[in-house]
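Work through the exercises below with the sequence and the coordinates open. Try each task before reading its solution.

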Amino acid sequence: MTAAVADVHDDHGPAKGFKRWLFTTNHKDIGTLYLVFSLTMFFVGGAMALVIRSELMTPGLQFVHPEFFNQMTTMHALVMVFGAVMPAFVGLANWMIPMMIGAPDMALPRMNNWSFWILPVAFGMLISTLFLPGGAPASGWTMYPPLVLQTGDAFPFLIFSVHLMGLSSIMGAINIIVTILNMRAPDMWLLKMPMFVWTWLITAYLLIAVMPVLAGAVTMLLTDQFFGTSFFLAAGGGDPVMFQHIFWFFGHPEVYIMILPAFGVVSEIIPTFSRKPLFGHDSMVYAASSIAFLSFIVWAHHMFTVGMPLSGQLFFMFATMLIAVPTGVKIFNWVATMWRGAMTFETPMLFSLAFVFLFTIGGFSGLMLAVAPADIQYHDTYFVVAHFHYVLVPGSIFAIMAAAYYWLPKWTGYMYNEAAGKLHFWLSTIFVNLTFFPMHFLGLAGMPRRIPDYSTQFTDFNTMASVGAMGFGLSQLVFIYVLLTSKKGARATDRVWEAPRGLEWTVPSPAPYHTFDTPPKVRVAQESFE
Amino acid sequence: MRNDSEQRKNIRRTALIMGGIAIAFYLGFILMGVLNA
């Protein structure tokens, strides 16, 4: 098998120098570009988080002006959501999906190059607003009018950069759908596809449906600001609440765009380190599809306090609670996969286990927020901040870390430093809980979000959270150490781990520049895993 | 099998359908704003 897929294209391998990266159409190169960009944005967004947590370490104003604090909360969210988490999953998709389905590359390689190179332009433009008169956007990542229309010179930069991020995501999603539907190896039927591929297929459909909705919303903001329309301006007969409906019609599926690929990653890793096939593969597919469908009909749970008819509150409350059912199917399937498995606890497995446990905590606080009358108390408090950070940090970001450790030997050809990986895991897990768990108590006690100062009764938990955030930030330097020393370990075998399944483990480590020029025989590969 | 014209046609068709859906959602939501205003 290995010989059949070995690099037979030495005559047109990678170009040399910066041209390789600027003009590349190779899915592995583009995957690497996405992952490096995402890691950079993770540190930029993380630095912004540390500005926020430094200011909140003690009551009173100490380091930054309140206006700059608002800019930091807005930019931290935009950078982390669109610059760190989403590109990381697109990078993993670029690297792994063609290899997992036995395709030689993505279906539309030139568009793939464009999808990536739009991103640095978009974020260069967005981050440059920090240096403009009036500073960066400060109205929150939700960009609610009329507040966002008070943004200074940064406003058109914000709108254009959001358009570009959307364009990049849509082109990436089209590429992924087209690749999966048209370029699978002959025996790779849809229900045989690995869960990472399935979750990405569903995610790509979500992206195509909702990124244009965000683009439409910000286009209307642009015309309200500069072309005299009144889509969202009450004075001109417009409706600011309509923006919130449109934004959250995008925003809620966006949450699942950031978590479904994480489900896919965990569904690859847990079977490998439990030495058992994934329990209930097909039910996982149906559960992910159900979550995607339900994500379209729950958006108004973000706006219970805006006011809506009782029937609306009941509908959105129950529809939201319904998501717990397919999510529960997934959690129980992961647990059933581990049941009586010969488990070992290498770094990817540790991150995956922490994901299952800590994401579930975030899920439960989500259920609490779904209860309309209770949400009116929780709304705009730190309880919400605790909830979404639990699903995004020990949720999405831990899954990205797990994926990086899991596939790193396949990418580099060397085993990473396992001791450093475990240190990274334990420090991250301790500090992530120290950062975000106290925020539940702050929220329940009534501390509002997005403020640079607070009442002295909230001091202790805020200090804990700030110490935790700084510890979490420093812990990530261990990950940089692992990456920098990633070619100093033992040579990785083709299979890398003891019991992985999937076509990507049939190619050599490191994966050759071109793989699967000849379609692989899926059945033969599968028999080799038995 | 891989690079035959049938596969290229399918790739192009799928890409166009997906791009069309994206454009329809974009224009559709702006139209909703126009009708609501």
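**Exercise 1: a buried proline**

Apart from neighbours within four places in sequence, A:Pro261 is in contact with A:Phe89, A:Leu92, A:Thr199, A:Trp200 and A:Thr203. Contact means that two C-beta atoms, placed from the backbone, lie within 7 Å. This is a predicted model, in which local features need pLDDT of at least 70, side-chain atom pairs count only at pLDDT 80 or more, and totals for chains, interfaces and linings use all residues. Residues are numbered from 1 along each chain as its sequence is written, and chains are lettered from A and ligands numbered from 1 in the order in which they are written.

Solution. 
- Step 1. Helices (H or I, at least four residues) and strands (E, at least two) are DSSP runs, numbered from the N terminus.
- Step 2. Apply the cut-offs: buried is 20 or more other C-beta atoms within 10 Å of the residue's own, exposed is 12 or fewer, and partly exposed is in between, with C-beta atoms placed from the backbone.
- Step 3. For a distance check, take A:Phe315, 54 residues away along the chain: its C-alpha atom is 28 Å from that of A:Pro261.

**Exercise 2: the nonpolar core**

Task: find which residues touch the most other members of the largest nonpolar core, and which helix gives this core its largest share.

Solution. 
- Step 1. Define the set: a nonpolar core consists of buried Ala, Val, Leu, Ile, Met, Phe, Trp, Tyr and Cys residues joined through C-beta atoms within 7 Å.
- Step 2. The largest core has 178 residues, and A:Val85, A:Ile101, A:Val197, A:Ala217, A:Val266, A:Phe355 and A:Ala402 touch the most other members.
- Step 3. Helix 4 (residues 66-101) of chain A supplies the largest share of this core, 22 residues.
- Step 4. Inspect A:Val85. Leaving aside neighbours within four places in sequence, its contacts are A:Met80, A:Met258, A:Leu392, A:Ser396 and A:Ile397.

**Exercise 3: two helices compared**

Task: describe the kink in helix 15 of chain A, then the span and cover of helix 17 of chain A.

Solution. 
- Step 1. Helix 15 (residues 382-412) kinks by about 40° at A:Tyr406, shortly before A:Pro409. The bend is the angle between axes fitted to the seven residues ending at a residue and the seven starting there.
- Step 2. A:Gly413 follows helix 15, with a positive phi near 90°.
- Step 3. Helix 17 (residues 459-484) has 26 residues and reaches 38 Å from first C-alpha to last, close to the 38 Å expected at 1.5 Å a residue. The expected span is 1.5 Å times one less than the number of residues.
- Step 4. Buried residues of helix 17 include A:Asn462, A:Gly468, A:Phe472 and A:Phe479.
- Step 5. Helix 3 (27-55) and helix 16 (418-444) of chain A are among the elements that cover them.

**Exercise 4: chain B and confidence**

Task: how many residues of chain B are in contact with chain A, and what are the model's scores?

Solution. 
- Step 1. Chain B has one helix and zero strands.
- Step 2. In chain B, 18 residues are in contact with 25 residues of chain A. The chain B side divides into eleven nonpolar, six polar and one charged. Here Ala, Val, Leu, Ile, Met, Phe, Trp, Tyr, Cys and Pro count as nonpolar, Asp, Glu, Lys and Arg as charged, and the others, Gly among them, as polar.
- Step 3. The model scores ipTM 0.94 and pTM 0.95.
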